[in-house]
Amino acid sequence: MIEELENNQTIDNFQEEKNVIGVKKRRAFLDLLLNHHLSNGCLDEKDIIEVNTFMFAGHDTTAMGISWTLYLLGLHHDIQERVYQELKKIFGDDINKSIMSEDLRKMKYLECVVKETLRIYPPAFVIVRKNPSDLKVGDYVLPAKSSLVINIYGIHHNPTVFENPEVFDPDRFLPENCQKRHPFAFLPFSAGPRNCIGQRFAMAKMKTVLANVIRQFRVKSLDHRDKIFESGEVILRPKFGIRMTIEKR
């Protein structure tokens with residue numbers, strides 16, 4: 001039974017509201033969360049903050065992850081074709097078929113492509129942590145509550161872990177090539193108890209968007225990587241954008 005809200009509204013009809021000219025529109029996600037909090041207390045304020053972080057922290061990062069992936073696929077047409085053939089095996093000739101969760105699990109090579117992109121261009125290229133107590137690193141002792149900046153971009157380009165680290169090679173992430181790799185050598189979503197709570201959602205979103213694009217279009221990048229200037233703002237983005245063309249398959 002749907003719980004009644006203020007003025008006999010239900011959760012279902014609360015999701016819609018009329019604007020000033022009487023046209024229905026969907027309520028903002030945060031409005032829905034606050035309504036649940038105020039009406040029945042099933043979500044407290046801490047829960048709302050966490051879900052809000054989950055929604056908004058994954059917006060720019062996944063958008064740039066998708067952009068960087070399309071850029072690299074636009075440079076490497078052989079890899080793009082391999083992704084397309086994988087998608088064709090999953091969907092056949094039906095380019096408009098909805099993508100289901102079981103379809104995402106079959107996109108093994110596309111997942112390797114996304115991971116290799118996140119290695120070369122990690123949107124969250126640094127993270128900051130504080131040590132609760134004194135921490136010894138080599139010959140140095142870091143006082144408690146020091147701000148520690150972890151250079152994820154540098155870790156991902158470590159030539160002792162990733163041979164020819166500037167080369168775009170999705171095969172690095174095939175299962176047989178990952179077995180002996182240190183678990184902290186690849187950290188696009190951080191790691192440990194403070195890692196990204198939305199990493200599975202982010203991967204699913206990126207694979208869904210990329211699959212929908214690649215099975216309908218060929219993409220071509222107009223500038224080689226030495227012409228792309230990376231800008232380390234809040235997230236890693238191209239300073240002057242990315243120039244690409246698309247062609248209907």
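Biologist: How exposed is R243?
Modeller: R243 counts as partly exposed because its relative accessibility is 48%. The cut-offs are under 20% relative accessible area for buried and over 50% for exposed, with partly exposed in between (1.4 Å probe, protein chains only).

Biologist: And what kind of model is this?
Modeller: A predicted model, where local features need pLDDT of at least 70 and side-chain atom pairs count only at pLDDT 80 or more, while totals for chains, interfaces and linings use all residues. Residues are numbered from 1 along each chain as its sequence is written, and side-chain values use heavy atoms, with hydrogens and water left out.

Biologist: Fine. Which residue does R243 form a salt bridge with?
Modeller: D223, and the closest N and O atoms are 2.9 Å apart. A salt bridge here is a side-chain nitrogen of Lys or Arg within 4 Å of a carboxyl oxygen of Asp or Glu.

Biologist: Where do D223 and R243 lie?
Modeller: D223 is in the loop between β7 (217–221) and β8 (230–232), and R243 is in the loop between β9 (236–238) and β10 (244–248), so the pair ties together parts 20 residues apart in sequence. Helices (H or I, at least four residues) and strands (E, at least two) are DSSP runs, numbered from the N terminus.

Biologist: Is D223 buried or exposed?
Modeller: D223 is buried, because its relative accessible area is 17%.

Biologist: How many salt bridges does the whole structure have?
Modeller: A search finds 10. One of them joins the side chains of D171 and R82, at 3.3 Å from N to O. That pair links distant parts of the chain, 89 residues apart: D171 sits in the loop between α7 and α8, and R82 in helix α4 (residues 77–91). D171 is partly exposed at 26%, and R82 is partly exposed at 41%.

Biologist: What about E233 and R237?
Modeller: Their side chains meet in a salt bridge too, at 3.4 Å from N to O. Salt bridges that share partners join D60, E233 and R237 into one network.

Biologist: Switching topic: how much space lies in the second largest pocket?
Modeller: About 640 Å³. On a 1 Å grid over the protein atoms alone, a pocket is an open set of points where a 1.4 Å probe fits, with protein on both sides within 12 Å along at least five of seven lines; lining residues have an atom within 4 Å of a point. Grid points are joined across faces, edges and corners, and the volume is the space filled by probe spheres set on them.

Biologist: Which residues lie nearest its centre?
Modeller: E111, K115, F186, Q199 and M203, out of 26 lining residues. The largest share of the lining, 5 residues, comes from α9. At least two lining residues each come from α5 (101–106), α6 (108–120), α8 (175–178) and α9 (199–214).
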